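User: Hi! I'm new to this and would like to learn how to read a protein model. Can you walk me through one?

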Amino acid sequence: KTTKLFAMKEMSKAKIIDKKSVVSVKNERDFLSKMNHPFIVNMHYAFQDNSNLYLVMDLLTGGDLRYQACKKRKFSEEQTKYFIACIILALEYIHENKIIHRDIKPENLVLDSKGNVHLTDFGIAKFQHANNAKDTSGTPGYMSPEVMCGLDHSIAVDYFAVGVIGYEFMNGIRPYPGSSRKEIKEKIMAKQAMIKTSEIDNGWSVEAVDCINRLLLRKPSRRLGYK
């Protein structure tokens with residue numbers, strides 16, 4: 001019989017207020033209270049005292065994918081396919097529940113002891129709705145063109161970020177590198193990032209590269225995963 005292990009996240013109420021994170025923290029608790037999935041960092045309990053808020057979550061000990069990427073720089077196609085399969089399963093679940101994560105990036109993907117990837121940090125997630133052009137939060141390096149440009153958007157934003165991760169794991173660099181949102185936006189608007197056949201890294205298949213390229217398409221209606 002497997003014993004389930006938990007981790008407790010402690011958050012100071014004073015710091016939450018000071019950092020103006022009240023909405024984000026409440027958002028995450030509300031979303032997690034409604035969800036449970038093998039590839040999400042699930043919340044089991046939430047409580048508070050006079051000074052702190054507490055979330056009791058799944059305990060995952062493998063570090064996040066940013067940590068792993070910094071160690072390895074590049075991953076094989078087989079490793080990347082497995083990571084992305086875990087992410088897609090988590091995304092299908094939250095999208096079925098009409099939730100857009102909006103901040104898919106290696107830091108928000110945590111490994112368990114067996115190497116499975118789990119999605120975390122729902123602080124800026126939103127229920128999908130029409131006329132959402134003003135909902136532009138996210139991390140610029142993984143932010144879709146439609147969000148960058150302040151347009152209405154759908155679950156396709158999460159799949160664009162998956163494409164960025166796939167590209168990054170293959171090449172060791174994001175498709176649109178930059179130090180500021182403005183710089184990254186200019187690069188996105190200037191040219192469609194695409195891995196050419198001649199640039200395929202050793203050991204990667206044409207089919208895997210085609211999948212990454214289709215996830216990275218700037219026009220959301222043409223992007224893999226669009227609904």
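Analyst: The chain's mean pLDDT (the predictor's confidence in each residue, from 0 to 100) is 93, and 99% of its residues reach 70 or more. This is a predicted model, where local features need pLDDT of at least 70, side-chain atom pairs count only at pLDDT 80 or more, and totals for chains, interfaces and linings use all residues. Residues are numbered from 1 along each chain as its sequence is written, and side-chain values use heavy atoms, leaving out hydrogens and water.

User: Which strand order does the open sheet of 3 strands have?

Analyst: In general, strands of a sheet pair through backbone hydrogen bonds, either parallel or antiparallel. Strands here are DSSP runs (E, at least two residues; helices are H or I, at least four), numbered from the N terminus, and two strands pair if DSSP finds at least two bridges between them. In this model, the order is β1-β3-β2, with antiparallel pairing. β1 (6–12) and β2 (43–48) are at the edges with a single partner strand each, so one side of each has no neighbour in the sheet.

User: How many bridges join β1 to β3?

Analyst: There are 7, and β3 covers residues 52–58. For example, Phe 6 has Asp 58 in β3 as its bridge partner. Helix α2 (residues 22–33) packs on the sheet, touching β1, β2 and β3; touching means contact, with heavy atoms within 4.5 Å.

User: How many helices and strands does the protein chain have?

Analyst: The chain has 8 helices and 7 strands.

Notes:
Axes are lines fitted to C-alpha atoms, for helices over the stretch in contact, and angles run from 0 to 180 degrees between N-to-C directions.
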